[in-house]
Structures are given as structure tokens and as C-alpha cells.
Amino acid sequence: MIGKIIIIGEARLEIDFKNNIPVETHPGGAFLNAACQIALSGKEVIFLSEIGNDKPGKIITDSLTAAGVDISQADRHIVKTPIVLNIDGTTSRYSAPDD
């Protein structure tokens with residue numbers, strides 16, 4: 001394979017609700033989703049982002065790695081992973097300041 005695809009973007013954890021009940025948790029962000037889809041198609045993809053080393057960040061890194069995305073250059077440090085709540089079609093974003 002010739003060349004690598006480098007994608008820079010946000011990494012966040014999304015929680016989907018239906019009738020005020022959480023039904024799904026998944027990594028999100030348009031560029032993160034693109035990185036996963038491109039890697040799953042067999043291309044070599046490097047994803048650059050700040051990814052928290054908290055539990056939501058672990059869910060994200062596990063998902064990216066499972067898709068075959070190279071995250072070795074991602075900035076992993078003590079940062080809170082952004083959380084997005086999709087509640088019955090309404091999206092709310094939450095972030096906590098770093099300690």
C-alpha cells in the first residue's frame with residue numbers, strides 16, 4: 001500500500017438516549033468516524049487528537065484500535081474526554097476542565 005492517510009480531529013464519547021433511558025454509548029466526532037471507516041476499508045490511517053486517559057478515553061482508543069486506526073501519535077494525557085448526550089434528538093455537549 002502506498003501512503004498513509006492522516007486525519008486530525010476531535011475524539012468524544014456519545015451517549016444516546018431514548019425516552020430518557022441510555023441505549024447506546026459510542027465514540028463520536030466526524031473525523032474520528034471517518035478514520036474508522038477508512039481503516040476498516042483497508043487503508044492505513046493515522047488519527048491525531050487529544051484523547052483523555054480517563055475511562056471514556058479508553059473506550060475511544062479501544063474502538064479506534066479495533067478498527068485498525070493507528071493512534072500511536074495521539075496526545076494521551078490527563079484531560080477529561082468530552083461527553084455528548086443525544087437525548088431524544090437533542091444534543092448537549094459536556095466537558096470538565098482539566099485538574
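This is a short walk through one protein chain, from its overall layout to a few single residues.

First, a caution. What you see is a predicted model. The mean pLDDT of the protein chain is 89. Of its residues, 92% reach 70 or more. Confidence is not even along the chain. Helix 1, residues 30–40, has the highest value, at 97. Strand 8, residues 90–94, has the lowest, at a mean of 75. Where pLDDT is low, the predicted coordinates should not be read in detail.

Now the layout. How many helices and strands does the protein chain have? There are two helices and eight strands. Starting at the N terminus, the order is β-β-β-α-β-β-α-β-β-β. Along the principal axes, the C-alpha atoms fill a box of roughly 45 × 30 × 15 Å.

Next, the inside and the surface. Of the 99 residues in the protein chain, 37% count as buried. The accessible surface comes to about 6100 Å². Carbon and sulfur atoms account for 56% of that surface. As for charge, the protein chain carries 9 positive and 13 negative side chains. The centres of those two sets lie 3 Å apart.

How about contacts across the sequence? Take the contacts between residues at least 6 apart in sequence. Of these, 60% join residues at least 24 apart.

Let's go to single residues. Start with Ile5, which lies in strand 1, residues 5–8. Is Ile5 buried, exposed or partly exposed? Ile5 is partly exposed, because its relative accessible area is 31%, between the 20% and 50% cut-offs. Leaving out residues up to four places away in sequence, Ile5 touches Ile38, Lys43, Glu44, Val45 and Ile46. Look at Ile46 in particular. Ile5 and Ile46 are 41 residues apart along the chain. Their C-alpha atoms are separated by 6.2 Å.

Move on to Ala35, in helix 1. Ala35 has 0% relative accessibility, so it counts as buried. Which residues does Ala35 contact, beyond its neighbours within four places in sequence? They are Ile7, Val45, Phe47 and Val69. One of these, Val45, is also touched by Ile5. For a distance, take Ala35 and Thr61. These two are 26 residues apart in sequence. In space they are 12 Å apart, C-alpha to C-alpha.

Now a loop. Ala11 sits between strand 1 and strand 2, and strand 2 covers 12–18. At 3% relative accessibility, Ala11 is buried, because the cut-off for buried is under 20%. Its contact list takes in several parts of the sequence. Not counting residues up to four places away, Ala11 touches Gly28, Leu32, Phe47, Ser49, Glu50, Ile51, Ile60, Thr81 and Pro82. Phe47 is on that list, and Phe47 is also in contact with Ala35. Ala11 and Phe47 are 36 residues apart along the chain. Their C-alpha atoms are separated by 9.6 Å.

Ser49 is on the Ala11 list too. Where is Ser49? Ser49 lies in the loop between strand 4 (45–48) and strand 5 (50–52). At 10% relative accessibility, Ser49 counts as buried. Beyond its neighbours within four places in sequence, Ser49 is in contact with Gly9, Glu10, Ala11, Ala74 and Asp75. For one more distance, take Ser49 and Gly89, 40 residues apart along the chain. Their C-alpha atoms are separated by 27 Å.

Last stop: backbone angles. Most residues other than glycine have a negative phi. Two asparagines here have a positive one. Phi of Asn19 is near 55°. Phi of Asn20 is about 65°. Where is Asn19? Asn19 is in the loop between strand 2 and strand 3, and strand 3 covers 21–28. Asn20 lies in the loop between strand 2 and strand 3 as well. Are these residues buried or exposed? Asn19 is exposed, with a relative accessible area of 65%. Asn20 is exposed, at 59%.

To recap: two helices, eight strands. Ala35 is buried in helix 1. Ala11 and Ser49 are buried in loops. Asn19 and Asn20 are exposed. And strand 8 is where confidence is lowest.

Definitions and conventions. Residues numbered from 1 in each chain as written. Predicted model: local features only at pLDDT ≥ 70, side-chain atom pairs only at ≥ 80, totals over all residues. Heavy atoms only, no water. Helix = DSSP H or I, 4+ residues; strand = E, 2+ residues; numbered from the N terminus. Buried < 20%, exposed > 50% of the residue type's maximum accessible area, 1.4 Å probe, protein only. Contact = heavy atoms within 4.5 Å. Areas by Shrake-Rupley, 256 points an atom, 1.4 Å probe, with all protein chains shown as cover. Lys, Arg positive; Asp, Glu negative; His and termini not counted. Charge placed at Lys NZ, Arg CZ, Asp CG, Glu CD. pLDDT = per-residue confidence, 0-100.
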